[in-house]
Amino acid sequence: DIVQIVCTEREVVALDTSGVAFKCSDSGMTDPINIGETVLQVAASDKTIYALLSDGTVFTTDQGGKTMPWNNIICIAACRGLFAAVDRNGILHTDTSLFCGKAWNEMKLQIPE
């Protein structure tokens, strides 16, 4: 019942239909990630796993597990050295104020209809 997979440098993370995220080991074993909330989407960067939760917040395994400071998030993405989230108002949130020399954080996205 897996609906999404993402990879960090050292692990594969799978999300199932019930909203549970699992870490997968090289032996084929899976361990649920203790998040305490239903997960809607997962993303991963170098060593960090991110989970979009059903309450519109984002959990991260960075620094022992915490919630990012944003609310009403509808989608997330990550790659090496960058995490991004979009909220219900179309505002882009990132974990860095500058990306490719441009100020992306808190940018209102222009979505074509």
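This is a predicted model: local features need pLDDT of at least 70, side-chain atom pairs count only at pLDDT 80 or more; totals for chains, interfaces and linings use all residues.
A residue counts as buried when its relative accessible area is under 20%. Phe83, at 0% relative accessibility, is therefore buried.

## The overall picture

The protein has 14 strands and zero helices. Of its 113 residues, 38% count as buried. Among contacts between residues at least 6 apart in sequence, 24% join residues at least 24 apart.

## Aromatic rings around Phe83

Back to Phe83, which takes part in ring pairs. The structure holds two aromatic pairs. In one of them, the ring centres of Tyr50 and Phe83 lie 4.2 Å apart with the planes at 25 degrees, so this pair is stacked. Tyr50 sits in strand β6 and Phe83 in strand β10 (residues 82-87), so the pair links distant parts of the chain, 33 residues apart. Tyr50 and Phe83 are both buried.

Trp70 and Phe83 form a stacked aromatic pair as well, with 5.9 Å from centre to centre and 5 degrees between the planes. Trp70 lies in the loop between β8 and β9, while Phe83 is in strand β10, so this pair ties together parts that are 13 residues apart in sequence. With a relative accessibility of 12%, Trp70 counts as buried. Through these ring pairs, Tyr50, Trp70 and Phe83 are linked into a cluster.

Leu52 stands opposite Val58 in β7.

β2 and strand β3 (residues 21-24) run antiparallel and are joined by four bridges. β3 is in turn joined to strand β4 (residues 30-32) by three bridges, again antiparallel.

| Hairpin | Residues between the strands | Glycine with positive phi |
|---|---|---|
| β2 and β3 | four residues | Gly19, about 90 degrees |
| β3 and β4 | five residues | Gly28, near 95 degrees |

In β3, Ala21 is the bridge partner of Leu15. Lys23 stands opposite Asp31 in β4.

Most residues other than glycine have a negative phi. Asn72 is not a glycine, although it has a positive phi of about 55 degrees. Asn72 is placed in the loop between β8 (66-67) and β9 (73-79). Its relative accessibility of 39% means that Asn72 counts as partly exposed.

## Charged residues

Side chains of opposite charge can pair when their charged atoms come close. How many salt bridges does the count come to? The count is one salt bridge. Asp46 forms a salt bridge with Arg80, and the closest N and O atoms are 3.8 Å apart. The pair links distant parts of the chain, with Asp46 in the loop between β5 and β6 and Arg80 in the loop between β9 and β10, 34 residues apart. Asp46 is partly exposed, with a relative accessible area of 26%, whereas Arg80 counts as exposed at 69% relative accessibility.

Asp16 gives another picture. This residue is found in strand β2 (residues 12-16). Asp16 is buried yet has no salt bridge, and the nearest side chain of opposite charge, Lys23, is 16 Å away. What does the side chain of Asp16 reach at 3.0 Å? It is the backbone nitrogen of Val20. Not counting residues up to four places away in sequence, Asp16 touches Asp1, Ile2, Val3 and Phe22.

Key. Residues are numbered from 1 along each chain as its sequence is written. Side-chain values use heavy atoms; hydrogens and water are left out. Helices (H or I, at least four residues) and strands (E, at least two) are DSSP runs, numbered from the N terminus. Buried means under 20% relative accessible area, exposed over 50%, partly exposed in between (1.4 Å probe, protein chains only). Lys and Arg count as positive and Asp and Glu as negative; His and the chain ends are not counted. A salt bridge is a side-chain nitrogen of Lys or Arg within 4 Å of a carboxyl oxygen of Asp or Glu. A polar contact is a pair of N or O atoms within 3.5 Å; within protein, one must be able to donate a hydrogen and the other to accept it, and residues adjacent in sequence count only if both atoms are side-chain atoms. Contact means heavy atoms within 4.5 Å. Two strands pair if DSSP finds at least two bridges between them. Rings of Phe, Tyr and Trp (its six-membered ring) pair if their centres lie within 6.5 Å; planes under 30 degrees apart count as stacked, over 60 as edge-to-face and the rest as tilted.
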